[in-house]
Amino acid sequence: MSESTTAPGRGKEEPIIRVRGLHKYFGALHVIKGVDLDVMPGEVVVVIGPSGGGKSTFLRCLNFLEEPSAGSIEIDNVEIKARESAGDKRRHVREIRQKAGMVFQQFNLFPHMTALQNVIEAPVTVKGLPKQEAIAKAEELLSWVGLSEKRDEFPSRLSGGQQQRVAIARALCMEPKIMLFDEPTSALDPELIGEVVEVMERLANEGMTMCVVTHELHFARDVSDRVILMADGVWAEIAPPAELFSNPKEERTRQFLAHIL
Amino acid sequence: MERLSDSAARTLPRAVRLLLVLLAITALVSLLYVILYFVGGPLQLPTVSQIHSLDLSPDGGLVAVGAEDGLIHIWIVPAQIRAGVSRDFNVSEEEPWPGGELPGPGGAVLAVGFSEGGQRLLAVTRQGKFRAWNMADYAVTQEFSLGTGPLAGVALAGNRQVLAFVDDSGALHVWDIQGEREVQSIPPGDNPRQVVALNSDGSLVAADSGTGVQIWNVETGELVQSLAAYCGDGVSATAEACKDANQDWLGHEKQVTSLAFSPDSQILVTGSADTTVVFWNLETGEAQWSSVGHWDDVTALTFSQDGESVLSGGRDFKARDLRVVGGKSTAIFEGHLATVNGTAYGPREGTIATVSDDGTLRIWETANQYNVHLEWSRLGLQPVWGRVIVIWMLVSGLLALVCLWGLFRIRLWAHLLALGLFLIGPVVVLGLPLLEVLTYPLSFGLKLQIAWSLLLLLAWYILLLVILSRDEVANFYQAPQDASLSEQIMVSQRTLRTRFGIYSVAVWFALFVILFSVLRRFNLDISFMGSWLQFIMGGSLITFIVSAASILLAVVLALMGALGRLSKNPIANAASGFYISLIRGTPLLVQIYIWYLGLPRLGIVLEPILAGILALGVNYGAYMTEIFRAGIQAVSLGQREAAQALGMTGGQTFRRIILPQAFRIVIPPIGNEFIAMMKDSSLVSVMAVQELTWRANKVGRQYFRGMETFIIAALFYWILTVIFQLLQGRLEEYMARGERR
C-alpha cells in the first residue's frame, strides 16, 4: 500500500503533499476512513469515484475548509496535526491556504467586484502586495486565461466558463504551490466545459501540482499522472490513468467504470 | 411643405381624421366660450349671485336679501317656523320657502331694509340708485338717484328715514329719504372710508377712519366722537410700545371693516381686519370689551333688538353670537362657503339668519348652532369656478390648437400632449366644482341642473380620450407607418407603457382633487396656515437631522447586535439577545420618556435633540439587528469559503466580502426603516425637540388651530418621505450594480 501511495519514479524528491491517516466524521457519519497520500511537485492527481464517496471532503480537508477529525496533513513542509494549540493551528491553516489555491464547483466569485478586483483582492489584502503590482499581475493572468477584455465586467455578466476561468486566475494570483479543483466543470453547460479544461491542461503542462476532483474522464486520462478511485471513504484503487481505465485491478473500480462509461 | 401635408392628409386613418375634427371643434368652442365670457353673451356657466345685504320684516314673516345680480330676493317664512315648531336639521330635506324676486334699480344691491311697520321695502344699489316698494302690492312707490356712484358703503337708519353712504372719493353723505335730498356731507378724511353706520333714529352717523372710527351729528355736521386705539397706560403711542410697557392695547390694530350702533345709541361696535370685535362706549370713547374668535376680517355686525348681543360675520365664512357685556362668543355658526356679508336675529326667537358671498341665505338654530334652512339666491357654482373654467377654456383651447397642428404633422408629442391635457386637465378643473356641487344640500335634480354643463363638457372630453387612446390612433403616432412586425410589437408595448404612465398620473391627480375638496370642507384658516408655514416647515430640517442621525446610530448598533447574535461567543451572544429583548419588549414612547426623565437623574443633561437621537437610535437598532442578521446570513457560504481558501482572515472576510454583499441586501429594508423612523421621530416631540410635530402642536394649541398646523406637518412629513424614496431608488440602483444584467 505504501508503495502505491508514493508517486512512481520520483522517489528522490520530497512530496509536496503528505497525508497520513486522515479520518473525517460528520457527527457519527464516518466519511473518510484513514487515507494516506503523497503528491510529488508537478504531479497531477485526479480523484474520481461515486457520489458520497468522500472525494470533495478529502479535497476540502487539504486546505482545512473541513477540519480533519484525525490524521496529519503536510503541505510544502507546513504540517498540521489533529492536536495542536488553537493559535498555532490558525497560523498554519492560513499558511497552507496561501500555498494551496482552490477552485470551486460554483465558482464563488465575489459578485460585488469586477473580474480584476476579484483577482487582486487576496494578493492586496492578504499578502499586502502594492495595488499597481497586483493589477499588472492580474492582467497577465486574465490574459493567460483568455479574458483580458473582461477585466471590468461584474461576474453576473460573465458566462459560467468565463467565471470559472476568472476563479482560476484569482487562485493563481496568490502564487500557490498546489492547486485544488473541486469539480470545476460540474456546474457548467457542456459546451463551456472545454474552455475550462483547456486552461487546466495548460496549467498542468506548465508544471503546477494539481489535485482534481472531477467527473471529466478525458481530463483524467489525458493529463493526470495518477488517478485515484475513491469509494466509501477509502482509496479503492490508485493507478496511472492508462492502467486504471484499461485494466482495472479492483472489482469496485470495474463497477464504477461500467457505470459511467 | 405643400406636398408633405398633402400626402399626410391622404394617408391619415379614419379614426385620426375624426380625432382632428373633434379637436378642432373643441378648440373652436373653447375659445368662443372665452370671448363670450368677456362680452357677457350666452354659454355662461350657472353661478350663484353673491348676497350683500339682508333684512327681516318686523313681524319676521318675510326675509329680503340684496344680491350681486341686482335682484331683491324675498322669501315668505312659513307659519310653523315662526310659531317655533321644532325642525329637523337635515337641510337637504327642507322644502324651499315660497318667495319671489323684485328687480332692483340697477347694479348690485348693497342695502335692503323693511320700514318700521313693514309696509315698505327699501333698496340701495352700488350704482347709487334708491328704490322703494309697497309690500302690499309690490308696486314701486319711490325711486331716485343719489347722484353719485359707485358707492363703497351704504347704511339705512333704524327708522328707515335716513340713509348714509360713502362715495368712491371717500366723502360721506347723508340723505333724507322722504325728501330725496342730501342733508349732510362730510368731505373725505385722511383715510379712504369704506364702511358707514347710522343709529336707529338717524341722528348720528359713523364711518371708519383707518383703525379708528369717527362719529358726526347728522343735523349739525359736527364731529361728536373720534374713537381710536389707545394704550392702557395712556402714554404709549404704538401697539409695540404698549406691549413693551406690559399694557393692553385697546381698540384695533388694523383697518375697521364693519360698524353698528346699539339700539339706544350708547354703544358702537366695530369689527376689523385684525379679526377682533370691539365694543366702544360712545359717551367716554373707551373701548369697553374686545372679542376675539374670527379668523379673518369681520365683515358684518348687527345688534339684537334688546341691545344685549351682537351677531358678527366674517371673511372666515363663520358667524358668531357675541354678548355685549364681556364680549364673549356664545355661538359659532359654521357652514357658509364664502364671506358672510349680513346677519340678522330672527325670523323668530332662538334663530338667526345670515347671507354670504356663497349666494345662500341660511337660518340657524342658536341653541345648537344647526343650519336649519337654506335658500339660494340663484342655483349655480361658486363664482370662483366660473373664473377657473374660463382660464381652463383659454389654456385648453390654445393647447388644443397646438395639438391639432402637431397631430396633423404626425408628431408623437402632440398625441401625448393631447392625452395628458384632456385626461389630467378635466380631472382637476371639472373635478373640484363637481365634487363641491355633490355636497350641496340639494336634490339630485337640482344638482344636475347646476352641473349639467360641466358634465356635458366632461362627456365630450371622455369622447376625445376614447378616440385618442384607440390603438389605431395611438399606434399611428408611435410607429413609423412602414415599420416591420417586430418594430410594431415593440411600439405597441411602448404605447401601453406610456398610456399606463399618463393614466397613473391622472389617477394621482384625481385622488389629490378628492383630498383637496375634503380639506376644503374642513374650512381651514388658510391665512393662518400661510403665516405659520415657515415656522412649522423649519421643523422638517430637525426631523430630518434627528432621523438621519438616529438611523446612523441604529445601523451601528444593529451591526453589532447582528454580529453578537451570530457569534459563538456566549458573552456577545447573550448581551445582544438581552438588548433586543429589552428594547423590543417596551413601547418606543415609554422608552423616550425614560430616556428623557432618566438621564438627568444620572446627572447626564443632554440637549433634547441628542436625547431624542439616542432614544430612537437605540430602539431602531434593536429592530434592525434582525434585518442585518438576515442580510449577513443571506450571503452564501461559498463566499466565505472562497475568501478563506484565498487565505483571508475572518475579519478580512467579513469586511471585504460579507459586509458589502450584506449591505446590498439590507439597503431596501433599511430604507423602509428610515421612512418609518422619519414618522416615529414625531414621538420625540414629547422631549421638546423642536421638530415638525412639536411645532405643529405648539402653534395649534396656542391658537386653537390644531387642524391647520397638523395638516402642514403631515404635508412636510409626506414631502420628506417622497424625497427620500427617490434617493433610496438611486442608492439601490448603485448598490445593485454587480447584479445588473
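Predicted model: local features only at pLDDT ≥ 70, side-chain atom pairs only at ≥ 80, totals over all residues.
Is B:F663 buried, partly exposed or exposed? With a relative accessible area of 23%, B:F663 is partly exposed.

Over all chains, the structure holds 19 aromatic pairs. One of them joins B:Y37 and B:F38, an edge-to-face pair with 5.3 Å centre to centre and 85 degrees between the planes. B:Y37 is partly exposed at 24% relative accessibility, while B:F38 is exposed at 63%.

B:F663 has a ring partner too, namely B:F628: the planes of these two rings stand at 85 degrees with centres 5.8 Å apart, so this pair is edge-to-face. The two residues sit in distant parts of the chain, 35 residues apart. B:F628 belongs to helix α14 (residues 608-634) of chain B, and B:F663 to helix α16 (residues 650-680) of chain B. B:F628 has a relative accessibility of 2%, which is under 20%, so this residue counts as buried.

Some rings gather in a group: B:F528, B:W532, B:F535 and B:Y703 make up one aromatic cluster. B:F528 also has a charged neighbour, since B:R705 lies over the face of this ring. In chain A, A:R170 lies over the face of A:F110. Here are the two arginine placements side by side:

| Arginine | Ring it lies over | Distance from the ring centre |
|---|---|---|
| A:R170 | A:F110 | 4.6 Å |
| B:R705 | B:F528 | 5.0 Å |

Conventions: Residues numbered from 1 in each chain as written. Chains lettered and ligands numbered in written order. Heavy atoms only, no water. Phe/Tyr/Trp six-rings, centres within 6.5 Å; stacked < 30°, edge-to-face > 60°. Buried < 20%, exposed > 50% of the residue type's maximum accessible area, 1.4 Å probe, protein only. Helix = DSSP H or I, 4+ residues; strand = E, 2+ residues; numbered from the N terminus. Lys NZ or Arg CZ within 6 Å of the ring centre and 35° of its normal.
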